[in-house]
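Let's take a walk through a protein chain together.

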Amino acid sequence: MNKFLHIILVVQFAVISCSSNEQALQTADNTNLRIYHDRIYTPVVINAADTLGMFFDTGCMVGCLLPRSLAANYTDASAVAESGTGVSKIDVESISLGGQSLNSNKIYHVPGKFEAVIAPVYATERRIWCFDFDNRIFSICETDTLPENAIVYPLVFAKKGNRKLAPFVNIPMTLSYNDKSLSTDYLYLLDTGTPCGFAITDPTPELEDFVLHIPHWKIEDSFSTKIPDRKLYDFEVDIEIPSATLSHIRSVFDTGLRSYSGEFRSYLSGIDKPIAGTVGMRLLKHFNMILDLKNDRLILTPAQNIYPSKPMNKTGFWCDSKGVVTRIRTNDAAYAQGLRLGDRVVTVDGTRWEDISEERQNELYSMEGHRVWKIESAGGTKDIVI
């Protein structure tokens, strides 16, 4: 396996799954983690001097990952701009998180536009990472801990030889929507970078049949034309796991961009359960979470605080900064009025898209009330009303 394959694929999936233009909110002085729109952020100190608020993503497998624009602060320009390299690394004096030194002082950097990411280096990490969402505190400790009312799941690591690559967890759960239900027993990549309940990439026949028979959004995005057999759905279910029932957990079904089973099955020896995809933050945020990398287990305890999710997109489509439609729900009102991928939003209620602030653009997707969107397409201009 290419040593950088997992890095590139995880970044690609994180950018697509978490695509958003919002800036991270500031953390209060007495906390060192926060959850914003189903993402965890925590401060990371590099070279005992620079502090960056990083996106904590258990699906990142290299520890510290920066876009080249930030990585340039730690190396000379010629190294960062070296042509023909997709991923490279920089040695720094120190990287610390939660007041503890990490087990690697390497920063990986890749081309592209994404957030700074931090995660354990699974190959070498043997400590206990504790996420107290109720008190917004992150800590790393050496001492074993098992809180009262804990739900414990073994962490199963994909391995290349004895080197750990990625954490997987088997969480049996019952999915339900009104009178329809499905009991599942699958293996998921533990991925705090997935801002939904789970992302199904390798559906079993019974899971696909279940999703198709409950209300769901059918979605096309800019990758769909390159992957004609791709199935991309957005749906909502109630989830029942031992000691907890979670309502209205939005999740996605995406069979095109990648296959977790294809990537990791050969590195998970002795596992006979289906690898279905990833389990993510819309489920995990309901629990205080301990990544016990010393004993290879995930420990969950019910959280008292529930953090709000990103508001639902009510327009049925998404645009880039220039107004070009990059994602659309094909069973929604905008599509029915003729909007398609590649069309461009010219104005909203008479105001040019490019004159609308980035923050306001994001608000427009979820606001109540009718708006007139003037659209430019290959066939000319037209108005659609949402």
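Predicted model: local features only at pLDDT ≥ 70, side-chain atom pairs only at ≥ 80, totals over all residues.

Strand β28, made of residues 372–377, runs antiparallel to β29 and is joined to it by six bridges. To find your way between the two, look for S377, which stands opposite G380 in β29.

Next, step back to see the whole chain. Its secondary structure comes to eight helices and 29 strands. Of the 386 residues, 51% are buried. The accessible surface comes to about 17400 Å², and carbon and sulfur atoms account for 49% of that. Among contacts between residues at least 6 apart in sequence, 61% join residues at least 24 apart.

Let's go inside. In soluble globular proteins, nonpolar side chains tend to be buried together. Here the largest nonpolar core has 65 residues, and W129 and F131 touch the most other members. The strand that gives the most to this core is β19, residues 232–241, with five residues. Which residues does F131 touch, once those up to four places away in sequence are set aside? They are L33, I40, F56, I137, F138, N288, M289 and L291. Another core, of 16 residues, lies apart from this one, and its members include V325, I328, L364 and Y365.

Are C196 and C319 buried or exposed? C196 has a relative accessible area of 8%, and because buried means under 20%, C196 counts as buried. C319, at 10% relative accessibility, is buried too. As for disulfides, the count comes to zero.

Finally, how confident is the predictor? The mean pLDDT of the chain is 88, and 89% of the residues reach 70 or more. Over residues 1–29, though, the pLDDT is below 50; in the model this stretch has 65 contacts beyond near neighbours in sequence.

Terms used
Residues numbered from 1 in each chain as written. Heavy atoms only, no water. Core = buried A, V, L, I, M, F, W, Y, C linked by side-chain atoms within 4.5 Å. Buried < 20%, exposed > 50% of the residue type's maximum accessible area, 1.4 Å probe, protein only. Helix = DSSP H or I, 4+ residues; strand = E, 2+ residues; numbered from the N terminus. Contact = heavy atoms within 4.5 Å. pLDDT = per-residue confidence, 0-100. Pairing = 2+ DSSP bridges. Areas by Shrake-Rupley, 256 points an atom, 1.4 Å probe, with all protein chains shown as cover. Disulfide = S-S within 2.5 Å.
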